[in-house]
Amino acid sequence: MAWFTRQKPSVEKGTPEHARHVRTEGLWLKCEGCRQIVWRRNLDENLQLCPRCEFHFRLDARARLNMLFDGAWEEFDSSLVSTDPLEFVDSKPYSQRLEDMRKTTSLPDALLSGGGTLQGRYVHICALELKFIGGSLGTVMGEKIARAVERSIEKRAPLIVVSASGGARMQEGAVSLMQMVKISGALMRLDEARIPYISVLTDPTTGGVTASFAMLGDINIAEPGALIGFAGPRVIEQTIRQKLPQGFQRSEFLLQHGFLDAVVKRSELKQYIARSLDFFCS
Ligand SMILES: [Zn+2]
């Protein structure tokens, strides 16, 4: 009779790894700000803001447009899709990746473009969708923003672009990089037509998006605590061989160093944009 060795297998032994944790995904979330457990429904009802500490969780493109527009809005260019010009294959073919993304996000590409009123004023708003291949800038996004600019010039309506992106879309190679030039050129025409363009940077805004339209606003506004930069902090540290300061590449740091005009809470964003447009348009 063994006193010290377990005769029966422990209960957990037969349980597969994935079943050992209580799965609460979809219901509860841990807040990165206050480390408290937050009920997802509370977030959904509160613009994805933590009810305890106001930590800004990411907001998807459609919810963003619903939040900024007064009511119903018209979607533009929803039929534009990428043609996969390079027939690119990484871990899976790009065309397959696009197909999968369209299914999971119910979006044609990584940007939603719409028109409607914001506190009574007709505006065009584009919002990037991070869940669609990292909100990457490709031909479709380039064309959609360029068209939004043309429409803004035609209707003399201010343009607002809400960014959330990992940068250019590598599956479209140099063609995606050309979109930076294309959008910048279009924004120059908007500027010449003296129509305001407001850029809103949310977590995260990096790479080619930061290097083009996200930083070209008449005013550039960011949400609190958003990661904003060109290259990631690790790449920079390895290149300059120096430790980066605390809070580097976060909204508040960038505001302090003159890269942004304001850091505005999501709950006050609509009001802030409306006031800015009053200032520009009167
Ligand atoms: Zn919190």
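Student: Which residues have the most contacts inside the largest nonpolar core?
Tutor: Ile125, Leu159, Ile160, Phe213 and Ile273. That core has 57 residues. A nonpolar core is a set of buried Ala, Val, Leu, Ile, Met, Phe, Trp, Tyr and Cys residues joined through side-chain atoms within 4.5 Å. Buried means under 20% relative accessible area, exposed over 50%, partly exposed in between (1.4 Å probe, protein chains only).

Student: What kind of model is this?
Tutor: A predicted model: local features need pLDDT of at least 70, side-chain atom pairs count only at pLDDT 80 or more, and totals for chains, interfaces and linings use all residues. Residues are numbered from 1 along each chain as its sequence is written, and side-chain values use heavy atoms, leaving out hydrogens and water.

Student: Which residues does the second core include?
Tutor: Cys31, Val38, Leu43 and Cys50 are among its five residues, and this core is separate.

Student: Now the metal. Which atoms hold the zinc ion as donors?
Tutor: The SG atoms of Cys31, Cys34, Cys50 and Cys53, lying 2.3 Å from the zinc ion. Donors are N, O and S atoms within 2.8 Å of the metal (3.2 Å for Na, K and Ca); water is not among the atoms, so sites may look incomplete.

Student: What spacing do they follow?
Tutor: C-x2-C-x15-C-x2-C along the chain. Cys31 sits in the loop between β1 (28-30) and β2 (37-39), and Cys50 in the loop between α1 (40-44) and α2 (61-68), 19 residues apart. Helices (H or I, at least four residues) and strands (E, at least two) are DSSP runs, numbered from the N terminus.

Student: Is Cys50 buried or exposed?
Tutor: Buried, because its relative accessible area is 1%. Cys31 is buried too, at 0%.

Student: New topic. How many aromatic pairs turn up?
Tutor: Five in the whole structure. Rings of Phe, Tyr and Trp (its six-membered ring) pair if their centres lie within 6.5 Å; planes under 30 degrees apart count as stacked, over 60 as edge-to-face and the rest as tilted. Phe55 and Phe57 have ring centres 5.2 Å apart and planes at 85°, so that pair is edge-to-face.

Student: Where do those two stand on accessibility: buried, exposed or partly exposed?
Tutor: Phe55 is partly exposed at 25%. Phe57 is buried at 11%.
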